[in-house]
Amino acid sequence: MSAILDNTELLIQYNRKHSKLSQVTCLSDFFIYELNLQKVNIDKSNIAIPEDAVERESNAFTLESLKDVIGVISNNKKKGVKKPIAFVSKKPILFSDNLTVSMTEYVLYFAYSVWGIRAYISQGTHDKKNFEFFTYPDKPFYHNGFCLGQIESSFLSTSFILGWNALTEVNSNELEKRFFVKDLEFIEACSDLRYKAVIGKGPWDASIVISECEAFLQKSGVPETGINAVMDVVGELAPNAIEHGDTNCLVDVSCTEVEIYEDEQVKKAMNISLVIFDFSERLLGSALYEKIFNNDQLASYIHKQDRISTIRSAHEFHKERYSKDYSEEDFQNLIVFQKITGRKGDRADGGLGISTLIQRVQKYTNTNMNYCYVLSGNKALRLDAKYTGEDAEGYIGFNKERCFVNKIPDFDAVMGSKFYMPGVAYNLCFNFTEAG
Amino acid sequence: MNRIEVDIPKEVTIVAGPIPGREAYKLCKDMIDIDDVNMLCFSEHVSRIIGSFFTGFFEELCKDMTTGEIKEHFCFDENMKCFESAKDAFEKYTQNY
């Protein structure tokens, strides 16, 4: 199975400029770059962990940090320099969410397998002559958006990001095994934690991966309700990505058992993280927007004409209120969630697929540990339950008032990123308690 | 009643998305008799049908048939393992188109 995603060049092209990183030192066998990480506060309010497990204020590696990394690697590629690169931080690194982990793994995999440049990300200390890497003396707790665990026992210990990936050269077969976290002899039971696959464009490819994914969740002890919900979501989003983006896509699922506070009690829950992304020139809302606003002939094909006029009048209201935080691009993302079903095999994103996604996030993302969003271009929409409540007619306003037409989304429901996502990326996180 | 065995590859236990729907339609379209009731049967290794499978399956037929006519002329074998999920996905399809 090849892991190279179609249109990866778009990802590189859009993100290679303006890297803020500068080389701090050049050892005989490594370039060292110090990461420019962002300070973030971790909300531990409903996670049952020891108070001192992770510092409240930590340094986060985000998709914007990844943009810096892409800039450095692609610059070295341009210059024809193949010496390995270590991106380091003196403090423990926290990954902001699983999409960031997954996307970073992919970039490092691509750089090695296509450009022959090995790179990794690690905590470490350095001076002008030496670099001490991969030092985790106290097995610190690491948090990656939803999953908190000791670095050596959590799924991050199997991650392609960390140092072991770049220490020695490997052949392409071994590289793929490491990227997909499959058949790795030196990490026991790692296959129970994570399932990654690239779904190709063949008619049955998505169904085969989804079938494998179900088997993985069953083996990992996920309750039946969880398996059904996750399968429904993957079953909609993955085929959508392939059909709409006309490209292949990556699916990355991982499970972690966690303890959460619910009704003042500590309960065991299974957290399932689901990351899906594809690279394409087509953004989430662009095709639907084109039909509704720029082509009356196409708009007339859309089944629900009353919804088109509602969206057009909402647009009149929203565009008067555009600002630096809320723009036309956000509105384009928003319309995808307004239950407009294109007819006759039209992209299902606007219809059934998104409805299924929303029903599931409404049901299974009710704690602070769920950080769900969809990212397309430079814009993201939060999908957590509190933002995605529908009004009586099924419109979603992404605000507390549940109002789409006469109210713009809450300021924290729309997000912007300097990282540009060509295509569509989902970062979803569900939790399932024993009661279901 | 016109019984149609829908051919699904052995390694697929969950059938998902419109693309397999289109593919499955291609494989069995010659067996469909739109004047009769067609009973679709999926083999035992298929445990669930999810997502927009029927959007793809009925893409061609819905050019000439209304959703009501499709509902009248298609049904599922109640004994098959994926009966419940097939029924749900079919209902979701007919409600939305």
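How many helices and how many strands does the secondary structure of chain A come to?

Analyst: Happy to walk you through it. This is a predicted model, so local features are described only where pLDDT is at least 70 and side-chain atom pairs count only at pLDDT 80 or more, while totals for chains, interfaces and linings use all residues. Residues are numbered from 1 along each chain as its sequence is written, and chains are lettered from A and ligands numbered from 1 in the order in which they are written.

Chain A comes to twelve helices and 15 strands. Both kinds of element are DSSP runs numbered from the N terminus, with helices (H or I) of at least four residues and strands (E) of at least two. Of the 436 residues in chain A, 49% count as buried. Here, buried means that 20 or more other C-beta atoms lie within 10 Å of the residue's own, exposed means 12 or fewer, and partly exposed is in between, with C-beta atoms placed from the backbone. Contacts give another overall view: among those in chain A with a separation of 6 or more, 72% are between residues 24 or more positions apart. A contact is counted when two C-beta atoms, placed from the backbone, lie within 7 Å.

Now for strand E5 of chain A, residues 85-89. Four of its five residues are buried, so the strand is mostly covered. E5(A) pairs with strand E2 (residues 31-34) of chain A, running parallel and joined by four bridges. Pairing here requires at least two bridges found by DSSP. In this pair, Phe31(A) has Ile85(A) of E5(A) as its bridge partner. E5(A) also pairs with strand E7 (residues 119-126) of chain A, again in the parallel sense, over five bridges. There, Ala119(A) in E7(A) stands opposite Ile85(A).

Two packed helices are described by the angle between their axes and the distance between the axes. For H2 (residues 63-79) and H3 (residues 98-115) of chain A, the angle is about 5° and the axes are 10 Å apart. The axes are lines fitted to C-alpha atoms over the stretch in contact, and angles run from 0 to 180 degrees between N-to-C directions. H2(A) and H3(A) are therefore roughly parallel to each other; that label covers angles under 35 degrees, with over 145 roughly antiparallel, 65 to 115 roughly perpendicular and the rest oblique. On the H2(A) side, the residues that meet H3(A) include Leu63(A), Ile70(A) and Lys77(A), while Met103(A), Val107(A) and Trp115(A) are among those from H3(A). The residues of this contact divide into nine nonpolar, two polar and one charged. Nonpolar covers Ala, Val, Leu, Ile, Met, Phe, Trp, Tyr, Cys and Pro, charged covers Asp, Glu, Lys and Arg, and the others, Gly among them, are polar.

Helix H11 of chain A, residues 328-335, shows burial in a helix: seven of its eight residues are buried, so it is largely enclosed by the rest of the structure. Among the buried ones are Glu329(A), Phe331(A) and Leu334(A). The cover over them includes helix H8 (286-294), helix H10 (305-319), strand E14 (373-382) and strand E15 (414-433) of chain A.

Two loop residues also deserve a look. Phe398(A), in the loop between E14 and E15 of chain A, has a positive phi near 60° although it is a residue other than glycine. Phe398(A) counts as buried because it has 25 C-beta neighbours inside 10 Å. Asp246(A), in the loop between helix H7 (224-245) and strand E12 (249-262) of chain A, has a positive phi of about 50° and is not a glycine either. With 14 C-beta neighbours inside 10 Å, Asp246(A) counts as partly exposed.

Finally, chain B. It comes to four helices and five strands, in the pattern β-β-α-β-β-α-α-β-α along the sequence. Of its 97 residues, 37% count as buried. Chain B has an open sheet of three strands in the order E1-E3-E5, with parallel pairing. Strands E1 (2-6) and E5 (74-76) of chain B stand at the edges with a single partner strand each, so one side of each has no neighbour in the sheet. Three bridges join E3(B) and E5(B), and Met39(B) stands opposite Cys75(B) in E5(B).
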